[in-house]
Amino acid sequence: MLLSDIEAASDKLCIIDSLPIPVMQFHLVPSSSNDWSCYGADYGRVESTKQTIFGYKLHLLVTASGVIIDFELAPASATDLSVGYELLSEHQNKQVIGDKAYISTPIKAQLAQVNRINLMTAPRHNQKPQISTQTKRWINQIRQIVETVNGQLSQQFHIKKNHAHSFWGLCTRVYAKLTAHTLSIYLNQLFKKDACLQIKEFAFPHP
């Protein structure tokens with residue numbers, strides 16, 4: 001309902017990324033019940049921090065204005081590419097920026113043909129053809145938007161720190177925090193603020 005009333009949610013330019021959602025510390029995993037494993041929680045590598053977690057990754061599709069328009073909670077071991085393809089397959093007619101984890105010529109071609117999605121990534125140094133410095137700079141600039149959203153979810157809404165004792169408890173917390181982020185952007189639109197991602201005052205209201 002909120003997304004239908006947020007103007008920036010209709011942007012065709014989007015960014016895809018993931019952030020880790022650990023559910024417990026390593027030393028607690030052997031003695032825990034198998035409830036988490038029944039719902040797909042497992043070990044996975046987080047390349048940005050060079051750490052391994054037990055839990056999930058939250059994959060986000062965010063517009064260039066910072067509005068979260070879709071997400072998928074997947075096992076931590078699932079690759080960004082496989083989950084990203086599954087997530088993008090539900091959308092049509094978009095230009096999507098991803099990091100090097102989303103590089104795949106077959107998947108890029110499939111999304112372009114079936115979904116009319118142009119998945120753009122900066123090529124690796126040993127890949128051809130290379131892109132111009134200007135295009136690379138533009139991709140990095142756009143990707144800063146999803147980094148900002150990830151930072152807000154982590155630092156202001158503490159989405160990585162949860163005390164859920166069950167998978168469904170975790171889902172409730174994730175839904176609530178994503179909704180709170182979307183609601184903050186909606187309030188900025190109501191108040192006619194130019195920068196819709198300036199949401200700190202909603203996360204930390206003054207007394």
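Reply: Helices (H or I, at least four residues) and strands (E, at least two) are DSSP runs, numbered from the N terminus. Just after H4, Arg-116 takes a positive phi of about 55 degrees. This is a predicted model, in which local features need pLDDT of at least 70, side-chain atom pairs count only at pLDDT 80 or more, and totals for chains, interfaces and linings use all residues. Residues are numbered from 1 along each chain as its sequence is written, and side-chain values use heavy atoms, with hydrogens and water left out.

Me: Okay, which residues in H4 are buried?

Reply: Taking buried as under 20% relative accessible area, exposed as over 50% and partly exposed as in between (1.4 Å probe, protein chains only), the buried residues in H4 include Ile-107, Leu-111 and Asn-115. Seen down the axis of H4, its buried residues fall within an arc of 35 degrees, so they line one face of the helix; the arc is that of the directions from the helix axis to the C-beta atoms.

Me: Why would residues three or four places apart point the same way?

Reply: An α-helix has 3.6 residues a turn, so residues at that spacing point the same way.

Me: And what do the buried residues of H4 pack against?

Reply: They pack against H3 and strand S6 (117–121), where contact means heavy atoms within 4.5 Å. The face of H4 turned away from its buried side carries the exposed residues Thr-105, Pro-106 and Gln-113.

Me: What caps the N-terminal end of H4?

Reply: Ser-104 does, with a side-chain oxygen 3.4 Å from the backbone nitrogen of Ile-107.

Me: Switching topic, where does His-91 lie?

Reply: His-91 lies in the loop between helix H3 (80–88) and strand S5 (94–98), and it is buried, with a relative accessible area of 13%. Leaving aside neighbours within four places in sequence, His-91 is in contact with Leu-61, Asp-70, Asn-115 and Ile-117.

Me: How long is the polar contact between the side chains of His-91 and Asp-70?

Reply: That polar contact is 2.7 Å; the term covers a pair of N or O atoms within 3.5 Å, and within protein one must be able to donate a hydrogen and the other to accept it, while residues adjacent in sequence count only if both atoms are side-chain atoms.

Me: Last one, is Ala-101 buried or partly exposed?

Reply: Ala-101, in the loop between S5 and helix H4 (105–115), is partly exposed, with a relative accessible area of 37%. Leaving aside its neighbours within four places in sequence, Ala-101 is in contact with Asp-80 and Leu-81.
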